[in-house]
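Every answer will set a value beside a rule and then conclude.

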Amino acid sequence: MNELGELDRPGRPSSPGAWDAPSEEWLVTGVGDMAVRIENGERELEAESEAASASASEATEGGVRGAHGVVDGADAGASGVRESAGGLSELLDEPHEETREALEGARDALAEVREAFGAARDGVGGAARKAGSRRGAVDPVKALIHRHRELCERAVDPLEIAAGLEAHGVTDRTAARFRHRDVFSLAEELYARVPRDGESTQRSAPSGPLWVRADWAVLALLPGALCAAAVTGVRLTEGQPRLVVAAVGALAVALGLRVALLRGPLSVTHHTTSGTRAWTCWLIAYALLGDGLLSAGVEGGPDGPWPLATAPVLALALACAPAAWCAHLFAVRARRRLTASRGLEEFAASVRPLLLGVFGLFLCALGGLLALCGAALDEPAGYAGAGALGALLLLARLLAARGFTHAPAVVLATAGAVEATALATVFAGRLPGCAFLSVPVDTVVAAWGPGAVPALMCGAATLVLLIHSTRTLTRASAHALPCGAP
């Protein structure tokens, strides 16, 4: 028992070696693991220090200096750890008390390195956040000003800038990305920030009274007056003089119409193709000659001169004046809506009823003129065909006056080509084996008369242009400048 007690009794180690087998194993493996951990910590510290330095290089100069200083402190701490780790191999031969103290010192050094690295990382992150906040604080409107500087410099008011932005595809949703509630608010900031050379003090007065300049108001009456004189001359003459009067009268009406459309709300400042003018003349010529020629062709003729439809043409010529007045009314009222609206959708919703109202007003005026001319000349008024043609020409002119010339050109060409094809098929059906070509036109004429052909063609074309106009003429860009305004 004494021997066993002596064996179990704890005692002071008498040598610098291991106390027993477990302590020897711990001394070898534990210290080795500690050295491996310290080495891994050094590697991680170096990698994170390099990443911190790379991030700090992208930050502002002041934040980078502070981050580098902290990282240098972390590197100094890491060097201390390396020195401590290098000395661990020597600790194996020293007394165990000194070994434990060295291990505790190494542990403290590692803690200090972690704290230094955390401070470095926080410093670099703060510098990056400050730099990011400065980058995010860059004025977003400045790029838009640079992109549309020419528009902003030549604009006479914010409304013109708003219309130009809308024409370039800027919507209210886009304006929200520039920290504005709508395009109009964004346009006001652009107008206030962009300097203009010789800035004009003149501003539009949309709330002023509706009044019309006398020059284009009188010129709008010129085509009707010339056409009335030409129709009177044709009716009072016979034979060869009648042909001369008709030719001179047609030329005078064409020149008068051209002069009337050079000024006022129906004037076109953009380039129009010669094809558009040619198809317009063809449609008017068909209104004068087409119905009589089609009726004679269906009946097997013509065997001589066919009757002319002078009443519809005279009504169309007289309708130039109400068309100009309606266009002016639409332009002024739309300008008022543009001033009062605070969003593109709001403006479109307010202008669409205005457009339909002006269109209906013109149809009423044209219907009254057709009735008056038919009664005065004792001829069929041709309400359907002439009314559809007048509505088509009005919409085409409203679109062309605001720069939208492609759709009117296509629609007018299509309507004119269909009318020409209808006439051609009637005469082509007389060829041997081609009678089927004239069946559609013969059926329409037999059911509703020769006036149904232009009514159907021009009516369909008018419907297409009306739908297109409700989407195009309700844009703010269509009213950047008041059309026909004094």
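The questions below go from the whole chain to single residues.

Q: What kind of model is this, and what makes up its secondary structure?
A: This is a predicted model. Its chain has 20 helices and zero strands.

Q: How much of the chain is called buried?
A: Buried residues make up 41% of the 486 residues.

Q: Why is T276 called buried?
A: The relative accessibility of T276 is 16%, and the cut-off is under 20%, so T276 counts as buried. T276 belongs to helix α13, which covers residues 274–298. Leaving aside neighbours within four places in sequence, T276 is in contact with A409 and L412.

Q: Is C281 called buried or exposed, and why?
A: C281 has 52% relative accessibility, and exposed means over 50%, so C281 is exposed. C281 also lies in helix α13. In space, C281 and G416 are 9.4 Å apart, C-alpha to C-alpha, while in sequence they are 135 residues apart.

Q: How do you know how many disulfides the structure holds?
A: A disulfide needs two cysteine sulfur atoms within 2.5 Å. The structure holds zero disulfides. Take C320 as an example: the nearest cysteine sulfur, that of C227, is 9.2 Å away, and C320 is in no disulfide. For C373 the nearest cysteine sulfur is again that of C227, at 8.2 Å, and C373 is in no disulfide.

Q: What makes E379 and R235 a salt bridge?
A: Their side chains meet at 2.8 Å, N to O, and the rule asks for a distance within 4 Å. The pair therefore passes the test. By this rule the count comes to one salt bridge.

Q: Why is R235 called partly exposed?
A: The relative accessible area of R235 is 42%, which falls between the 20% and 50% cut-offs, so R235 is partly exposed.

Q: What makes the patch of F436, L437 and V439 a nonpolar surface patch?
A: Patch members need over 30% relative accessible area, and nonpolar side chains are joined within 5 Å. L437 has 33%, so L437 is over that cut-off and counts as partly exposed. L437 lies in the loop between α18 (406–428) and α19 (439–448). Together F436, L437 and V439 make a patch of about 280 Å².

Q: What makes a set of residues a nonpolar core, and which members touch the most others?
A: Members are buried nonpolar residues whose side-chain atoms come within 4.5 Å. Of the 75 residues in the largest nonpolar core, I161, L186, L190, L392 and L465 touch the most other members. Helix α16 (residues 344–377) supplies the largest share of this core, 12 residues. A second, separate core has 11 residues, including A422 and V444.

Key: Residues numbered from 1 in each chain as written. Predicted model: local features only at pLDDT ≥ 70, side-chain atom pairs only at ≥ 80, totals over all residues. Heavy atoms only, no water. Patch = residues over 30% accessible without salt bridge, like charges linked within 9 Å, V, L, I, M, F, W, Y side chains within 5 Å. Areas by Shrake-Rupley, 256 points an atom, 1.4 Å probe, with all protein chains shown as cover. Helix = DSSP H or I, 4+ residues; strand = E, 2+ residues; numbered from the N terminus. Buried < 20%, exposed > 50% of the residue type's maximum accessible area, 1.4 Å probe, protein only. Contact = heavy atoms within 4.5 Å.
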